[in-house]
Amino acid sequence: MNSVTTEAHILVSMTYASRANPNVSAKDFNEILQQAQINNAANGITGMLTFNKDYFLQTIEGPRAQINRLLYSLISDERHHDLQIIETRELKHR
Amino acid sequence: MESVDLSESNRLKMLHGEHIILRLTYISRYNNDNLNGEVTRILEQAQQNNERNGITGALVFNHNYFLQSIEGARPVINGLLRKLVQDERHHSLQVIECREVEQRHWSKWSMKYLIPSEENKGLALKFSTGSEFNPYLMSTNQITMLIDTLSELQEQQAKSDVQTIQKKKPWYDFS
């Protein structure tokens, strides 16, 4: 069964906040952005990311299964910690 | 200066969002190799932890899926989510909905267990396109409505059970 195509009709938006790990450098931030752009384009994910030296605040939108797969990798990403979902909801359009 | 310390600790908690009630609904697939005995153990342990952490909610499960709605302080709910994602007793967890609420919906239960029965089998069809129950194909509204409907049915069942017991009691029974 192809779960990706069967679940792809549900569009969700997810917003989270997290704390940057103290050893994350400006170079890391650039890498994060570039990596995110490439991965998200491939997975049909759009969104916005804002950060300063202490926090990340991101909204991502896309197919429900893909957004949740991204959540898994975000939770285990060691460049930040204390990830808190602020909101997740179904969307009619992006 | 007790009061100063107290307000300071409250302020620090507010910084973490502990004053915000968050409700999070997720679905996951149950790992079939689990023994029934383990499920009972998981549920008992969850109940204790939830009570201690001020988490309330409802859990629907059958032999394939979990559907759970949990509510509590935002950092507490998110701490639980991080644990759930790593829990190997289920997989493919998907957050369906997560939002800030003014009041709890499941405040009476540290966890209300809802087990679909033969009688309410039709509910799966009511909220699905196919006859087979698969929450991964259901929308946010369908999932939350299914949980609410199961909960209402269970309440009604409990009420009618009480009435039946009362009716069966013979008039001469004074016990």
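Let me begin with a term: two residues are in contact, or touch, if their C-beta atoms, placed from the backbone, lie within 7 Å. By that rule Ile147(B), not counting residues up to four places away in sequence, touches Ala58(B), Val60(B), Leu67(B), Ser69(B) and Leu114(B).

This is a predicted model, in which local features need pLDDT of at least 70 and side-chain atom pairs count only at pLDDT 80 or more, while totals for chains, interfaces and linings use all residues. Residues are numbered from 1 along each chain as its sequence is written, and chains are lettered from A in the order in which they are written.

The model scores ipTM 0.85 and pTM 0.85. For chain B the mean pLDDT, the predictor's confidence in each residue from 0 to 100, is 84, and 86% of its residues reach 70 or more. Where pLDDT is low, the predicted coordinates should not be read in detail.

Turning to the interface, 17 residues of chain A are in contact with 17 residues of chain B. On the chain A side, the elements giving two or more residues are α1 (3–7), α3 and β4 (80–90) of chain A, and the largest share, seven residues, comes from β4(A).

Helix α3 (residues 64–76) of chain A has 13 residues and reaches 19 Å from its first C-alpha to its last.

Definitions and conventions
Helix = DSSP H or I, 4+ residues; strand = E, 2+ residues; numbered from the N terminus. Expected span 1.5 Å × (residues − 1).
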